[in-house]
Amino acid sequence: MYVLANVAPLRAKNTGRRVLVLDDNAVSCNVVLTILGDAGYPTDMRASSEEAYDALATGQYRVLVADQHAGPIDGLVVARKVQESYPS
């Protein structure tokens, strides 16, 4: 489940950070990629939580947008795992 909002205000704040989208539903993923792309955010997608975690481990992503029910491990578990691995 996603919450979509007007992203126009984000355009002025975009600092070139890369966004990783985790979603196993192609239609939902394309909607999110379009919205973030229109706001000027460079985005990539992964269809499974394992792929997303491996991609995040490269250090090139600053933001994760995760579907709560993507792949065998849901997006919340991936987010928690990332927080544990890379504390701020």
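The following legends describe close-up views of a predicted model.

View 1. Three strands form an open sheet in the order β2-β1-β3, and their pairing is parallel. Strands β2 (43–46) and β3 (63–66) lie at the edges, each pairing on one side only. On average, neighbouring strands of this sheet are turned by 25° against each other, direction ignored.

**View 2. Strand β1 beside β2, with helix α2.** Four bridges join β1 (residues 19–22) to β2 in the parallel sense. Within this pair, Leu-20 stands opposite Asp-44 in β2. Helix α2 (residues 49–56) packs on the sheet and touches β1, β2 and β3. The direction of α2 makes about 165° with that of β1.

**View 3. The two sides of helix α1.** Cys-29, Val-32, Leu-33 and Leu-36 are buried in α1. These residues lie on the same side of α1 because they cover an arc of only 100° around the axis. Their cover includes β1, β2 and β3. Val-27 and Asp-38, on the other side of α1, are exposed.

**View 4. The length and ends of helix α1.** Helix α1 (residues 26–38) has 13 residues, which should span 18 Å at 1.5 Å a residue; the end C-alpha atoms are 18 Å apart, in agreement. At the start of α1, a side-chain oxygen of Asn-25 comes within 3.0 Å of the backbone nitrogen of Val-27. Gly-40, which follows α1, has a positive phi, near 95°.

**View 5. Val-77 in helix α3.** Val-77 belongs to helix α3 (residues 75–85). Its relative accessibility is 36%, so Val-77 counts as partly exposed. Val-77 and Ala-66 are 11 residues apart in sequence, and their C-alpha atoms are 9.9 Å apart in space.

How values were computed: Residues numbered from 1 in each chain as written. Predicted model: local features only at pLDDT ≥ 70, side-chain atom pairs only at ≥ 80, totals over all residues. Heavy atoms only, no water. Buried < 20%, exposed > 50% of the residue type's maximum accessible area, 1.4 Å probe, protein only. Pairing = 2+ DSSP bridges. Axes fitted to C-alpha atoms, helices over the stretch in contact; angles between N-to-C directions. Contact = heavy atoms within 4.5 Å. Expected span 1.5 Å × (residues − 1). Arc of directions from axis to C-beta. Polar contact = N/O pair within 3.5 Å; in protein donor to acceptor, adjacent residues only side chain to side chain.
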